[in-house]
Amino acid sequence: MNNSGTNTQQKKLKRIVYLATALVTVAVGIYIFLMLRALILPFIIGSIAAYICAPILNFTKRRGIPRGMGIFILLGIFFLATALFVTQISNILPDEREQLILKTRFYYKIHEKYRNIMGLDAPDAKGNILYSVLGKDLKKAIKAIDKFVMLDNDEQALFMIYSLGHKDKPPIPDKYYQYFQENLKERNKKLEDIVVKENQEKAIKGEEPRKDSMLSSILDVIYIWILMPFVFLFLLIDDGEIKKYFIGMIPNKYFEVSLTVIDRVNHAIGNYMRGTLTACGLVGLAFSLGFILIGFEIKLALTIGLIAGITRAIPLYGPVFPLGIGLIYSLIAEDVNSILPFMNAGNLFIGVIVCVVIVRVIDEAVFQPFVVGSAVNLHPLVVNVGLFGGSILFGFAGLLLTIPLIVVIKEFTSTLFRQLKAYNII
Amino acid sequence: MEDTDKKINTFWGNIFSSRKDSDSDSDTDILRKCLIFQKLSRRELKKIANIIYERKYSAGEHLFEKGQPGAAMFILKKGLIKVVATDRDGGEMELADLQAEDFLGELALLDDSPRSASARAIEDTEALAFFREDLYRLLDTNPDIASKIFKELAIIIGQRLKASNEQLLYITVGKDKRP
């Protein structure tokens, strides 16, 4: 009798310990999740990269290459591709001198186009009807753009230094120097201004103005994103042990149901990711060809294609990036070599808009239904509401991950309920 | 109360069971004795051991029930299982008692058609579950292993069909005219 009493007490204690452990674990888990919110995106991107690489690893296994060696080869390819990408990007990105010229050209051209369109070319012109209707609003927009492209005092000084030739770079062409002077006039400043005078003195002395270091912000980004390759490697090495561990937590009654549900969700998300990757590649290719056709330099068209391909993964806002870059280039372009006879620097921006619209239509009408296919068979309203909700709750990460998440939830719930019914659980 | 406690223990046991290399080795030994995997080399058996799930069942707990869609085959590691079906009057009819190294539910490896009988643990049992979709994936990653398994499965099903035919003939024609 005493023994049975002790046993019951022990069992009660055991239950309390289990329950308390579970509650504490859940509470700590939620706290850690909230605290490490910034790490969610690198973690998920690393997991997705590992997921995408899994079929490649299976392919190497089929060819008789051991798993370890396969991972080693994959990592080699990953680092090689990253190095190539970084080299290509750094070649494409303008250096300090080119940045100054680009800003100067952009500032000059945007004000020139504004004056042309608004009928403000003559010094005493009062503007056309468009100016009277939209003038004030457009001026505000241009002022906002000016903040980004206007050279500050330090940059003006640097421009002066480069205009004479600096760091083995040739002097800045006269045409752009004239733009620079016109820009200064536009800002109601003359070259004889005190600041410019100071800068000229600095230029003659060869002094470089002080620039703020971006090192700390770059380090902050690296600090967070360093997690991504670790997650990628860890998940590739894992070989199903994590899945087994979680399956181990599932009660026997739901064992076969969960295996089936996980498999179906896995299948759906795999289809979605393969489809999206192919669609991204096709969109990138379409943009490159389109921009080459309307007269962009091949190198620039390929770069915009690459960016467009990557940003296609961002729902709704994907086409904004190629459109933005294309329009910026069309504003400063002076020589257009298009095989289309009617294209010139003046109407290049129309070509950009037409190109973006055509690619968008092809994406919606062909790539989306035929390439991404039924894996994302979601109602547009669900997608839009989900995207806005996701972006409000989790910002950029929410925007990026909402559709795959909806795919997972949809497949999970539909399969789960079907299976629970089939197993007579509900 | 006793039953609930056992289930809780089994649940936590599944979570905190630490799989060591020795476990994997003993799983490989169990798998080798299973007819379906008998043609596989030790290396191939290790690959199978990596994709199987270890489950623990308390006495009285079902591995699967008649009519449920099958998703996995079970190989018994320890314990005792009773395979039962319902007769015409709704009563329980015992079909077989299975013990360590026996396997059951192998038809689930072909499709998800409903289980033809129920399997219940008579005592605390440990089983290895082999999931159908993992076998299908093996067709992609290790087609040589998958083809050996499917061949053995076909032989076993063929033998069972032959035995069923003989039994049917015995029932319908009679003992004396049995071939």
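Mentor: Of the 426 residues of chain A, 20% count as buried, meaning that 20 or more other C-beta atoms, placed from the backbone, lie within 10 Å of a residue's own. This is a predicted model, in which local features need pLDDT of at least 70 and side-chain atom pairs pLDDT 80 or more, while totals for chains, interfaces and linings use all residues. Residues are numbered from 1 along each chain as its sequence is written, with chains lettered from A and ligands numbered from 1 in the order in which they are written.

Trainee: How many helices and strands does chain A have?

Mentor: Chain A has 16 helices and zero strands; helices (H or I, at least four residues) and strands (E, at least two) are DSSP runs, numbered from the N terminus.

Trainee: Which residues of H14(A) are buried?

Mentor: An α-helix has 3.6 residues a turn, so residues three or four places apart point the same way. In H14(A), the buried residues are Pro322(A), Leu323(A), Gly326(A), Tyr329(A) and Ser330(A). They fall within an arc of 135° seen down the helix axis, so they line one face of H14(A); the arc is that of the directions from the axis to the C-beta atoms.

Trainee: At what angle do H12(A) and H16(A) pack?

Mentor: Axes are lines fitted to C-alpha atoms over the stretch in contact, and angles run from 0 to 180 degrees between N-to-C directions. Helix H12 (residues 255-293) and helix H16 (residues 380-422) of chain A pack at about 150°, with axes 9 Å apart. That makes H12(A) roughly antiparallel (over 145 degrees) to H16(A).

Note on methods:
A residue is buried if 20 or more other C-beta atoms lie within 10 Å of its own, exposed if 12 or fewer, and partly exposed in between; C-beta atoms are placed from the backbone. Angles under 35 degrees count as roughly parallel, over 145 as roughly antiparallel, 65 to 115 as roughly perpendicular and the rest as oblique.
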